[in-house]
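Subject: Predicted model, handover and notes

Hello,

The model you asked for is below, followed by notes on what was found in it. Please read the notes with the structure open.

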Amino acid sequence: MIRLIWNLSIRTRLFLRTWMPTNILLDAIRTRRGLRWGIPAMLLAIPYLLIANLCVQAIADNGPGWLHLVVLWSIRNSLKMLWIGPVSVILLIGARLRERAERRRQQRAEVSETTEESRADALVH
């Protein structure tokens, strides 16, 4: 039974990450090239919150009960969009620090190669 539930949850997660637009967008933002789009992506939370607001108003006016699911869906997606902004900034800072360290490492390697070559030339002459 646990194996069945485990497999079902894995397949559900795979389906959602493959076909749901917000998950596709979040995966694209988490790449190195997409990290800069995290803050602008936070603006996508506004339409989701508007959808939630409209559905809550419709529910208050004796609308159908299934609108509660739409409210939960839209709030969940708005929170995902709000969440990716700060996370992408943190990931971008980390990526830039790693790139800077790599550039320094390459520069040090180039300097050490040139000093070794100059020492070798001095010994030959």
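Ile 39 is found in helix α3, where a helix is a DSSP run of H or I with at least four residues, a strand is a run of E with at least two, and both are numbered from the N terminus. This is a predicted model, so local features need pLDDT of at least 70 and side-chain atom pairs count only at pLDDT 80 or more, while totals for chains, interfaces and linings use all residues. Residues are numbered from 1 along each chain as its sequence is written, and side-chain values use heavy atoms, with hydrogens and water left out.

Surface patches

With a relative accessibility of 45%, Ile 39 counts as partly exposed (buried is under 20% relative accessible area, exposed is over 50%, and partly exposed is in between, with a 1.4 Å probe and protein chains only). Together with Val 89, Ile 93 and Leu 97, Ile 39 makes a nonpolar surface patch of about 340 Å². The largest share of that patch, three residues, comes from α5. A patch takes residues with over 30% relative accessible area and no salt bridge; like charges are joined within 9 Å, and nonpolar side chains (Val, Leu, Ile, Met, Phe, Trp, Tyr) within 5 Å. The areas are Shrake-Rupley values with a 1.4 Å probe, and for residues only the protein chains shown count as cover.

Arg 100, Arg 103, Arg 104 and Arg 108 gather in a positive patch on the surface. Arg 104 belongs to helix α5, residues 67-124, and is partly exposed at 42% relative accessibility. A negative surface patch is formed by Glu 110, Glu 113, Glu 116 and Glu 117. Glu 116 also has its place in helix α5; at 53% relative accessibility, Glu 116 counts as exposed.

Salt bridges

How many salt bridges does the structure hold? There are four, a salt bridge being a side-chain nitrogen of Lys or Arg within 4 Å of a carboxyl oxygen of Asp or Glu.

Arg 17 pairs with Asp 27, with the closest N and O atoms 2.2 Å apart. Arg 17 lies in helix α1 and Asp 27 in helix α2, so this bridge ties together parts that are 10 residues apart in sequence. Both ends are partly exposed: Arg 17 has a relative accessible area of 31%, and Asp 27 has 26%.

Arg 32 forms a salt bridge with Glu 99, and here the closest N and O atoms are 2.7 Å apart. Because Arg 32 sits in the loop between α2 and α3 (38-41) and Glu 99 in helix α5, the pair ties together parts that are 67 residues apart in sequence. Arg 32 is partly exposed at 36%, as is Glu 99 at 31%.

Within helix α5, Arg 105 and Glu 102 are three residues apart, which means a separation of about one helical turn. Their salt bridge brings the closest N and O atoms to 2.6 Å. Glu 102 is partly exposed, with a relative accessible area of 35%. Salt bridges that share partners join Arg 17, Asp 27 and Arg 30 into one network.

Asn 23 is in helix α2, residues 21-29, and counts as buried at 13% relative accessibility. The side chain of Asn 23 makes a polar contact of 2.8 Å with that of Lys 80. A polar contact is a pair of N or O atoms within 3.5 Å; within protein, one must be able to donate a hydrogen and the other to accept it, and residues adjacent in sequence count only if both atoms are side-chain atoms. Thr 22 is found in helix α2 too. At 8% relative accessibility, Thr 22 is buried, and a polar contact of 3.4 Å joins its side chain to that of Asn 77.

One distance

Leu 14 is in helix α1, residues 2-19, and is exposed, with a relative accessible area of 57%. From Leu 14 to His 68 the separation is 54 residues in sequence and 25 Å in space, C-alpha to C-alpha.

Regards

Conventions. Lys, Arg positive; Asp, Glu negative; His and termini not counted. Charge placed at Lys NZ, Arg CZ, Asp CG, Glu CD.
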